[in-house]
Amino acid sequence: MATSAAAPPLCTWLVSACMSVSYEKHHTDPKRLSPWTKRRKFVSKCISRGGGDADFVSNLLTNGSGIQSSCLAFEKCKEYNHSEGLFALVGSQTAWTRKQRSINRPAAISVSGDTVAVRPADGVTTEKKQLTKQRRVVVTGVGVVTPIGDEVDVFYNNLLEGVSGISEIEAFDCAQFPTKIAGEIKSFSTDGWVSPKLSKRADKFTLYLLTAGKKALADAGITEEVLGKLDKRRCGVIVGSALGGMRTFQDGIEALRVSYKKINPFGIPFATTNIGSALLAMDLGWMGPNYSISSACATSNFCILSAAHHIITGESDVMLCGGSDAAILPIGLGGFVACGALSKRNGEPTKASRPWDINRDGFVIGDGAGVLLLEDLEHAKRRGAKIYAEFLGGSYTCDAYHLTEHHPDGSGLVLCIEKALAQSGVAKEDVNYVNAYGSSTPRADLKEYRALIHCFGKNPEFLQLRVNSTKSMTGHLLGASGAVEAVATVKAIQTGWVHPNINLENPDEGMDMNVLVGIKKEPLDIKVALSNSFGFGGHNSSILFAPYKCI
């Protein structure tokens, strides 16, 4: 029998009556039967006599689809539609009295001791929602703080020219460490972006975040005047961090060695990963979704995906999202050295980060932040915003395998990419650019490359797919890497140029240079771009961007 969204009152009454009679037969004192109970017993007797109407009710109760699974899934029965049969079953074909209609209101059905609500809760409508076209999400502003520039155009021009930001560490004496190089930010100023008082108190990761966030707003044309016109209840911030305020936490440990009384009262708040999002929202007065996500080096992509979700669902119109980290500290450097993850190419810092090159020996840690302003397309058009690219969608998965290694067969990576394509409604043939995770570690680079070949290798246009890694120049910015690389991706879409893989001098075995970008920038008319980020713990994430097209 076909089903409908709601049961007719009489059918619901019959189901309720028939399914309750068995219980009352064994649990009710016959001397205390109510009129309602007597009526149900009468219906049960009618059913026991057989006949078309009884068979109909019986079928309702024994239907294989299960009443308990959907109590509102009954169609008006034939007998009900013809005003016969079922009315005859209760002894009348005339209109019911008000009392009978009251008795017949949908209540609840008891099935094997479970109660299934039939009448919707107060305030809940059972009417079907009008189908609405999914909101489109666009990138209207970007901001970065990186080892190769903290202005977006400078940053991307340096990428195109193959400028490396890797150098010897100057922030502290690292003579005792086997790795003495990093993607350090040599000159950084918060002037005009962060208040002097906060600049003195806050951790660097917070200052990078606030600065990149404010620059993204400025890049998007969100002036003070425009800011005042925004509905701040529909504007939010989701900027995460892999490690949070490590300097603040380290300073707290040093203070504790003297006395707990020496601990900075701002120590705990400024060490948490959410403090940057919170402070940025306080500064802007934005009251929409505000939190941070920490999923190791996949953090930024997780934040971007979540921010886009808030816009797509209609909860927000504008979202700042991305990531920030500042871990070039003794504890940060020492921790990654202990993991055996870092390059030791101290004599040639600019050649240390070399994704897919056969002589790579580990990644190079870096500091920085990246923030994107995502906006509902219609909202962006109303205010005349420039549009870098359209966010198409993405996905995240977990390898569920190892603390720091991908699954040997790369199944988690493949699943993530394929889910991102499916969720975005993008055909694999349309993807012709990948800004890869490409961290410059011996095993991870191979697994990502093989995952890409698995997903796109059979494309008729496969030879047009170009893959590069921003980390070859910035180093690995940890939780900020995904956002900075997302900025590089949308800039590639905007400019029509993809940056080189510097130091890719001797490709590893099985690497196809028809797929990997060489050591020089290349022009590319990007159809759809994919950006990958992965992290310790098996966190995988992929996001997709495309040129904005007015449809």
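This is a predicted model: local features need pLDDT of at least 70, side-chain atom pairs count only at pLDDT 80 or more; totals for chains, interfaces and linings use all residues.
View 1. To find the pairing, look for V237, whose bridge partner in strand 7 is N290. Strand 7 itself is just 290–291, and as an edge strand it pairs on one side only.

**View 2. The whole open sheet, strand by strand.** Ten strands line up here in the order 7-6-8-9-3-10-16-15-11-12, and the pairing is mixed. In general, strands of a sheet pair through backbone hydrogen bonds, either parallel or antiparallel. Strand 7 sits at one edge, and strand 12 (466–468) is the other edge strand. For context, the protein chain as a whole comes to 20 helices and 16 strands. Of its 551 residues, 53% are buried. Take the contacts between residues at least 6 apart in sequence: 78% of them join residues at least 24 apart.

**View 3. Strand 3 between its two neighbours.** Strand 3 (residues 137–145) is mostly covered, with nine of its nine residues buried. With strand 9 (residues 368–376), strand 3 pairs in the antiparallel sense over eight bridges; a handy landmark is V142, bridged to L372 of strand 9. Strand 10 (residues 389–398) also runs antiparallel to strand 3, this time with three bridges. On that side, V139 stands opposite A389.

**View 4. A389 and its surroundings.** Staying with strand 10, this view moves in on A389. The residue is buried, with a relative accessible area of 0%. Leaving aside residues up to four places away in sequence, A389 touches V138, V139, V490, I493, F545, A546 and Y548. One of these, V139, is the residue already seen opposite A389 in the strand pairing. Another, Y548, is 159 residues from A389 in sequence, yet their C-alpha atoms are 5.0 Å apart in space.

**View 5. Helix 14 against helix 20.** Helix 14 (residues 299–312) packs on helix 20 (residues 481–495) at an angle of about 65°, and the axes are 5 Å apart. The two helices are therefore roughly perpendicular to each other. Helix 14 brings S300, N301 and I304 to the contact, and helix 20 answers with S481, G482, A483 and A486. Sorted by class, that gives three nonpolar residues, four polar and no charged.

**View 6. Helix 17 crossing helix 18.** Here helix 17 (residues 411–424) and helix 18 (residues 442–456) pack at an angle of about 45°, with 9 Å between their axes. That angle makes helix 17 oblique to helix 18, and helix 17 passes helix 18 in a right-handed crossing. On the helix 17 side, look for L413, V414, I417, E418 and L421; on the helix 18 side, the contact is made by K447, E448, A451, L452, H454, C455 and F456. By class, this contact has eight nonpolar, one polar and three charged residues.

Notes:
Residues are numbered from 1 along each chain as its sequence is written. Side-chain values use heavy atoms; hydrogens and water are left out. Axes are lines fitted to C-alpha atoms, for helices over the stretch in contact, and angles run from 0 to 180 degrees between N-to-C directions. Helices (H or I, at least four residues) and strands (E, at least two) are DSSP runs, numbered from the N terminus. Angles under 35 degrees count as roughly parallel, over 145 as roughly antiparallel, 65 to 115 as roughly perpendicular and the rest as oblique. A crossing is left-handed if the near helix is turned anticlockwise from the far one by less than a right angle, and right-handed if clockwise. Contact means heavy atoms within 4.5 Å. Ala, Val, Leu, Ile, Met, Phe, Trp, Tyr, Cys and Pro count as nonpolar, Asp, Glu, Lys and Arg as charged, and the others, Gly among them, as polar. Two strands pair if DSSP finds at least two bridges between them. Buried means under 20% relative accessible area, exposed over 50%, partly exposed in between (1.4 Å probe, protein chains only).
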